[in-house]
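Have a look at the sequence and the model first, and then we will walk through them together.

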Amino acid sequence: MMTRRITQLLIGLAMYGISLAMFIRAGLGLDPWDVFHQGVAGKIGWSIGTVVVVVSFLVLLLWIPLRQMPGFGTLANAVLVGVFADIGLALIPAFSHLGGQIGMLAGAVVLNGIASACYIGARLGPGARDGLMTGLARRTGWSVRLSRTLIEVVVLGVGWLLGGSVGVGTVVYALAIGPLVQLLLPLFTVPVKAPLAVPETVPAAP
């Protein structure tokens, strides 16, 4: 089972990086974090994949006061998404006509949904950004939705000011990715064997 989990994690992260490259090549707008990554990359001259990796490890530093512990999947996520984003950008051409851009955007959203379900379903640790949201919610008592919204509004605004691409793709991603991952996650969640029940004990609340 662990072999499947690791394999699924690595495939999911590779697909996630390729989907990021597809979003960029579609040229219709990125998700909030990648608006930020693209804006930073444009200002300092690094590849967007390099920025994704560096930002991932900087975000992991914010886990320390939140008392979050990274898993294997967290560290793999921090490295591989950026690597495969740069590989995808080297292989995928940009489209100059709207039909191709729309098709690329649709493919990017679907692939990102599958990739997210794969790496989340492997259950080997959240990504750095996801862990920041859940850790902030746990430490502050805010809902995960509020924590995520606040963080993504900030990174989207900063990324836009830095020149990151905001557009219809940003809106499509925001509306589609949650339902898509929810639909796909049961297909990719790897069951983990539950420990044997201890007789005469009360089970913990979920």
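Leaving aside its neighbours within four places in sequence, which residues is Gly131 in contact with? They are Trp63, Gln68 and Pro126, where contact means heavy atoms within 4.5 Å.

Before going further, a word on what you are looking at. This is a predicted model, in which local features need pLDDT of at least 70 and side-chain atom pairs count only at pLDDT 80 or more, while totals for chains, interfaces and linings use all residues. Residues are numbered from 1 along each chain as its sequence is written, and side-chain values use heavy atoms, with hydrogens and water left out.

**The whole protein**

The protein has nine helices and zero strands, so its elements read α-α-α-α-α-α-α-α-α from the N terminus on. Helices here are DSSP runs of H or I with at least four residues, strands are runs of E with at least two, and both are numbered from the N terminus.

How does the radius of gyration fit the chain length, and what is its value? A compact globule of 206 residues would come out near 17 Å, and the protein has 18 Å, which agrees. That radius is taken over C-alpha atoms, and the globule rule is 2.2 Å times the number of residues to the power 0.38. Along the principal axes, the C-alpha atoms fill a box of roughly 65 × 35 × 25 Å.

Of the 206 residues, 44% count as buried. Buried means under 20% relative accessible area, exposed means over 50%, and partly exposed is in between (1.4 Å probe, protein chains only). The accessible surface comes to about 11,000 Å², and 72% of that belongs to carbon and sulfur atoms; these areas come from the Shrake-Rupley method with a 1.4 Å probe, and for residues only the protein chains shown count as cover.

Among contacts between residues at least 6 apart in sequence, 81% join residues at least 24 apart. As for charge, the mean positions of the 12 positive and 6 negative charges are 4 Å apart. Lys and Arg count as positive and Asp and Glu as negative, with His and the chain ends not counted; each charge is placed at NZ of Lys, CZ of Arg, CG of Asp or CD of Glu.

**Some buried spots**

Back to Gly131, which lies in helix H7. Gly131 is buried, because its relative accessible area is 0%. Its C-alpha atom and that of Leu66 are 65 residues apart along the chain and separated by 9.5 Å.

Leu9 sits in helix H1, which covers residues 2–26. At 0% relative accessibility, Leu9 counts as buried too. Apart from neighbours within four places in sequence, Leu9 is in contact with Phe72, Gly73, Ala76, Tyr119, Ala122 and Leu124.

Ser147 belongs to helix H8 (residues 144–161). Ser147 counts as buried because its relative accessibility is 0%. Its side chain reaches the backbone nitrogen of Ala137 at 3.5 Å. Not counting residues up to four places away in sequence, Ser147 touches Met133, Leu136, Ala137 and Trp142.

Most residues other than glycine have a negative phi. Arg67 has a positive phi of about 60° although it is not a glycine, and Arg123 has a positive phi of about 55°. Arg67 is in the loop between helix H4 (63–66) and helix H5 (72–91), and it is exposed, with a relative accessible area of 63%. Arg123 is in the loop between helix H6 (98–121) and helix H7 (128–140), and it is partly exposed at 42%.

| Pair | Apart in sequence | C-alpha separation |
|---|---|---|
| Leu9 and Val83 | 74 residues | 15 Å |
| Pro186 and Gly121 | 65 residues | 7.8 Å |
| Leu98 and Ser56 | 42 residues | 32 Å |

Two residues in the table deserve a further note. Pro186 is in helix H9 (residues 168–188) and is exposed, with a relative accessible area of 60%. Leu98 has its place in helix H6 and counts as exposed at 52% relative accessibility.

Terms used. Polar contact = N/O pair within 3.5 Å; in protein donor to acceptor, adjacent residues only side chain to side chain.
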